[in-house]
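Subject: Two-chain model for you to look over

Dear colleague,

I am handing over the structure we spoke about, and below it you will find my notes on what came out of it. Please read them with the structure open beside you.

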Amino acid sequence: MTDLNIPQSNSSPAIRASWADGVVTMKGDSYPENSFELFQPLIDWVDSYLKTAGRALHSELELLYLNTSSIRALMDVLDMLEGAHVGGGRVSARWSYDSANERVGDLAEEFKEDCTFPFEIVATGDRR
Amino acid sequence: MEQDDASLDLYALREVFDRERIMLCFNGPITATLIEEIGKALRRHMEALEESPGSVADVFSVYIEMTQNIRRYAQSRSSLDLESASIIVSRDDAGRHVVVAGNVVYEGDGDALAARITALAGLSKEELKAAFKTQLRQPRTELSGSAGLGLIDMARKASQPLRCKIQSLDDDRSFFSLRVVL
């Protein structure tokens with residue numbers, strides 16, 4: 001499987017997935033009109049990795065504002081990680097956000113509520 | 001200078017904007033690019049006013065959900081031949097941010113949307129969160145390109161129940177507007 005490298009735009013995050021490293025990263029705002037289209041390659045990649053790689057998968061998230069269809073798409077990705085975890089796979093996630101932007105922290109916490117795999121939320125940066 | 005009584009008095013319009021504390025107003029055909037550009041301007045404007053990051057995020061979020069809902073609706077009803085939207089972001093007397101957006105809809109669609117908004121208005125914040133999580137897990141096959149989360153999300157962020165207004169235009173079309181107070 002090839003790696004993913006979707007560049008960042010005004011309304012969509014940078015999405016990278018490395019098969020060799022077993023790492024998925026997402027960074028930036030996500031509010032495209034068609035989030036399902038944007039996230040489908042990632043959903044396919046994660047599905048394929050979890051089924052065939054036989055190794056751990058870590059997600060490194062630095063997402064900011066997400067529109068509701070991006071929230072849905074990200075939930076689908078996290079649900080796949082949860083499914084792998086329940087099935088004995090090694091998966092983990094870390095979501096870093098600027099502590100000044102508390103809404104991002106709240107959003108991350110809400111995602112975490114539905115995940116039982118290791119999910120770390122890290123507040124960073126310039127505290128105001 | 002010649003005065004045309006029928007012409008629009010821009011100064012009077014400006015007075016209305018000032019009185020109503022309107023920060024942003026848009027009326028006309030809306031594209032994905034315009035939504036992004038206006039959204040960026042709105043964020044920058046609020047940041048320049050040193051609004052809290054939470055307020056900026058909430059207003060931006062409601063603005064995006066509303067305008068993307070309008071675009072999606074217009075695309076699903078191509079016979080309306082209208083991708084126009086009217087959007088106002090302002091502050092009320094108490095200093096709360098208010099986002100109002102409206103568009104032309106078929107009467108039946110407007111009534112269905114109003115019924116959903118009325119149903120959401122009766123829910124507590126906890127019930128809205130539960131409704132959001134239920135909708136989040138709806139199978140993709142049940143969704144028609146939309147996650148169906150926008151209204152619930154706006155209701156969760158709002159400080160008052162969402163309010164809508166339907167004004168009849170002709171036999172089958174109405175102007176539908178939604179007001180969200182943050």
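Which residues does I87(B) touch, not counting residues up to four places away in sequence? Before the reply, please keep in mind that this is a predicted model, and that what follows should be read as a description of that model. The residues that I87(B) touches are C25(B), F26(B), T67(B) and A101(B), once those up to four places away in sequence are left out. I87(B) itself belongs to strand β2 of chain B, which covers residues 84-91, and it counts as buried because 23 C-beta neighbours lie inside 10 Å, where 20 or more are needed for that label.

Helix α2 of chain B spans residues 32-48 and helix α3 of chain B spans residues 53-76, and their axes come within 10 Å and cross at roughly 160°. The crossing in which α2(B) passes α3(B) is right-handed.

The axes of helix α5 of chain B, residues 125-136, and of α6(B) come within 9 Å and cross at roughly 155°, which makes α5(B) roughly antiparallel to α6(B). Here α5(B) passes α6(B) in a left-handed crossing. The residues of α5(B) that meet α6(B) are K125(B), L128(B), K129(B), A131(B), F132(B) and Q135(B), and their counterparts in α6(B) are I152(B), D153(B), A155(B) and R156(B). By class this contact of α5(B) with α6(B) has 5 nonpolar, 1 polar and 4 charged residues.

Is helix α1 of chain B, residues 10-19, largely in the open or largely buried? Of its 10 residues the number buried is 0, so α1(B) lies largely in the open. Just after α1(B) comes R21(B), which takes a positive phi of about 50°.

As for chain B in general, it has 6 helices and 5 strands, and from the N terminus on its elements run α-β-α-α-β-β-α-α-α-β-β. Its radius of gyration is 18 Å, which agrees with the value near 16 Å that a compact globule of 182 residues would have, and its C-alpha trace spans about 65 × 45 × 30 Å along the principal axes. Buried residues make up 27% of the 182 residues in chain B, and among its contacts with a separation of 6 or more, 62% are between residues 24 or more positions apart.

Chain A comes to 3 helices and 6 strands, arranged along the sequence in the pattern β-β-β-α-β-α-β-α-β. With a radius of gyration of 14 Å, close to the 14 Å that the globule rule gives for 128 residues, chain A is as compact as a globular protein of that length. Its C-alpha trace spans about 45 × 30 × 25 Å along the principal axes, and 38% of its 128 residues are buried. Of the contacts in chain A between residues at least 6 apart in sequence, 66% join residues at least 24 apart.

Finally, the two chains meet through 17 residues of chain B, which are in contact with 15 residues of chain A. On the side of chain B that touches chain A, the elements giving two or more residues are α2, α3 and α6 (150-157) of chain B, and α3(B) gives the most, with 9 residues. The residues on that side of chain B divide into 8 nonpolar, 5 polar and 4 charged.

With best wishes

Methods: Residues numbered from 1 in each chain as written. Chains lettered and ligands numbered in written order. Predicted model: local features only at pLDDT ≥ 70, side-chain atom pairs only at ≥ 80, totals over all residues. Axes fitted to C-alpha atoms, helices over the stretch in contact; angles between N-to-C directions. Helix = DSSP H or I, 4+ residues; strand = E, 2+ residues; numbered from the N terminus. Left-handed = near helix turned anticlockwise from the far one by under 90°. Rg over C-alpha atoms; globule rule 2.2 N^0.38 Å. Buried ≥ 20, exposed ≤ 12 C-beta atoms within 10 Å, placed from the backbone. Contact = placed C-beta atoms within 7 Å. Nonpolar A, V, L, I, M, F, W, Y, C, P; charged D, E, K, R; others polar. Parallel < 35°, antiparallel > 145°, perpendicular 65-115°, else oblique.
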